[in-house]
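User: I'm new to this one, so please take me through it in plain words. Start wherever you like.

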Amino acid sequence: MREIIFNKSLNYLPVTKAWLIIKTHGLLYMIIAFSILLSSCYIAPRLPEYNVQPIDNYTNKQSKNGLVIAIRPMTENDEYEKYFGENLRSSNILTVLIVIDNQSSSSVILSNDRISLGHGNISDISNADSNYKEPFSSAAGAIAVTSPLLLPFISMSAAKADEVKHNMLTKEFHSDTLSPGDKTHGFVYFKLKDKDLTSDKWFVHIAALDTATKTWTAFDLPFEWTERE
Amino acid sequence: MDREGIIMRNLKVTARHKLQMLLFLFICLTGCTHAWKLSNIEPESYPEIDKLNMRVGLKLTAELLSAEYKWGGGVSDRFIIPLGEIMSMNAQRLAHSLFSSVTTIQDSSASSGEKVDVILTPRVVSVEASRPISGRQEAHTTIILEWTLKDMNGNLIWMKTFSERQSYPTRGEEFHGGNNTKNSLQSIISALFNNSFQAMSTSKEIRDYATSRNM
């Protein structure tokens, strides 16, 4: 027993010595050291704007009653680094660019809560008919759009997380009313769960409201993607 | 003093120092909360227009009234600037400038009994406060405001989102009342409501609905 106490005390002696040095030189050094520990040397890089193409340049698009919607899922890690300053995939976030061109003669409303991500075959989803009443977002298995401010980035410093969220917000798709001839675009973010990643067939579901007829038109844009290790 | 006595004394000293270190850490890790107020909450003035002939219920939700800009906390001081009052005052001024009749509806209040044709709801989608740790960098503030106009059956008539952001230096402003932050917030809110007024007053969808109601 004495032997154990003796060995333990030897381990503590350098700590005691260090504390005495700090005490001798005042608390100033300690505060400086503590500040350095808490601070991050992270300096936010200036990130480029995403170059959105005319809607005709996108291959994954649908047109219904003159309303054209295109999507481009961001699946390359390099692109995340380039445009968001961080590989969002490592945080299980899938980002999808949405480009909309209202070439119809009616006004349409596009709301973020009517945009969702599904996995599997569209034909298996009974809600995904073109005249559904209930929002698909509330259907089982649908992944709703997430606000960047609600995403926890626990693997990075607070300053870096703030900067990433700022970049996500500046590029985010917002709910909008599009008059005939209007265009809009932006990114939507989906927080995936581990169980979602087993799928390789996906689709983005977007419902647009015709303000004149008060009917919803559903767009289901499929894409294939497998999470790579 | 024998060797065992020295060891025991060292152990006691170490325990006392550990307690002091913990106390020091506790003091460092606990910050104060500072509530700042915007110096000018006078709502925006809008140009006179032919008001839209609609009875509007302006819904001021608890979420809007409790909107705030905040940063810090944890290891540092926490700063809060309430935005609910300036947001609600601006929303009311905007609605009265655009529509012939406006009734304010709050979540907490019972229905006033006034008949309305449509419900206009402003919603603060997000208030982003990105503050640099180092004074060398700028802070970013983004406020996203969403408007929905629905008929009494809950059908959407019009919806639009406005986003305004500003970057500004913050070096040492915690010690000077946060003037840069306050000015930036006022400027953002001013732009948000001016853009909202511009969009609503020229909206084809709102005008079409008002016309169809009055036919």
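User: Which ring does the charged end of K64(A) sit over?

Analyst: A charge sits over a ring if NZ of Lys or CZ of Arg is within 6 Å of the ring centre and within 35 degrees of the ring normal. The charged end of K64(A) is 5.4 Å from the centre of such a ring, and the ring belongs to F219(A).

User: And how far is R114(A) from the ring centre of W216(A)?

Analyst: R114(A) lies over the face of W216(A). Its distance from the ring centre is 3.8 Å.

User: Before we go on, what kind of model is this?

Analyst: Residues are numbered from 1 along each chain as its sequence is written, chains are lettered from A and ligands numbered from 1 in the order in which they are written, and side-chain values use heavy atoms, with hydrogens and water left out. Local features need pLDDT of at least 70, side-chain atom pairs count only at pLDDT 80 or more, and totals for chains, interfaces and linings use all residues, as this model is predicted.

User: What share of the residues in chain A is buried?

Analyst: Going from the N terminus, its elements read α-α-β-β-α-β-β-β-α-β-β-β-β. Buried means under 20% relative accessible area, exposed over 50% and partly exposed in between, with a 1.4 Å probe and protein chains only. Out of 229 residues in chain A, the buried share is 48%.

User: T146(A) sits in a loop; is it buried or exposed?

Analyst: The loop in question runs between strand 5 (143-144) and helix 4 (158-170) of chain A. Beyond its neighbours within four places in sequence, T146(A) is in contact (heavy atoms within 4.5 Å) with L151(A), E172(A), Y189(A), F190(A) and K191(A). Its relative accessible area is 16%, so T146(A) is buried.

User: How many aromatic pairs are there over all chains?

Analyst: Rings of Phe, Tyr and Trp (its six-membered ring) pair if their centres lie within 6.5 Å; planes under 30 degrees apart are stacked, over 60 edge-to-face, and the rest tilted. A search of the whole structure gives a count of nine.

User: Is the pair of W202(A) and W225(A) stacked or tilted?

Analyst: The ring centres are 5.5 Å apart and the planes meet at 45 degrees, so the pair counts as tilted.  W202(A) is in strand 8 (residues 201-210) of chain A and W225(A) is in the segment after strand 9 (215-224) of chain A, 23 residues apart. Both residues are buried, and the name for their arrangement is tilted.

User: On to chain B: how many of the residues in strand 6 are buried?

Analyst: Chain B comes to five helices and eight strands, and 46% of its 215 residues are buried. Strand 6 (residues 118-130) of chain B is mostly covered, with a buried count of 11 of 13.

User: Which strand does strand 6 of chain B pair with in the antiparallel sense?

Analyst: Two strands pair if DSSP finds at least two bridges between them. Strand 2 (residues 52-60) of chain B pairs with strand 6 in the parallel sense over three bridges, and there G57(B) stands opposite I119(B). The antiparallel pairing runs over 12 bridges, with R123(B) opposite E146(B), and the partner is strand 7 (residues 138-151) of chain B.

Definitions and conventions
Helices (H or I, at least four residues) and strands (E, at least two) are DSSP runs, numbered from the N terminus.
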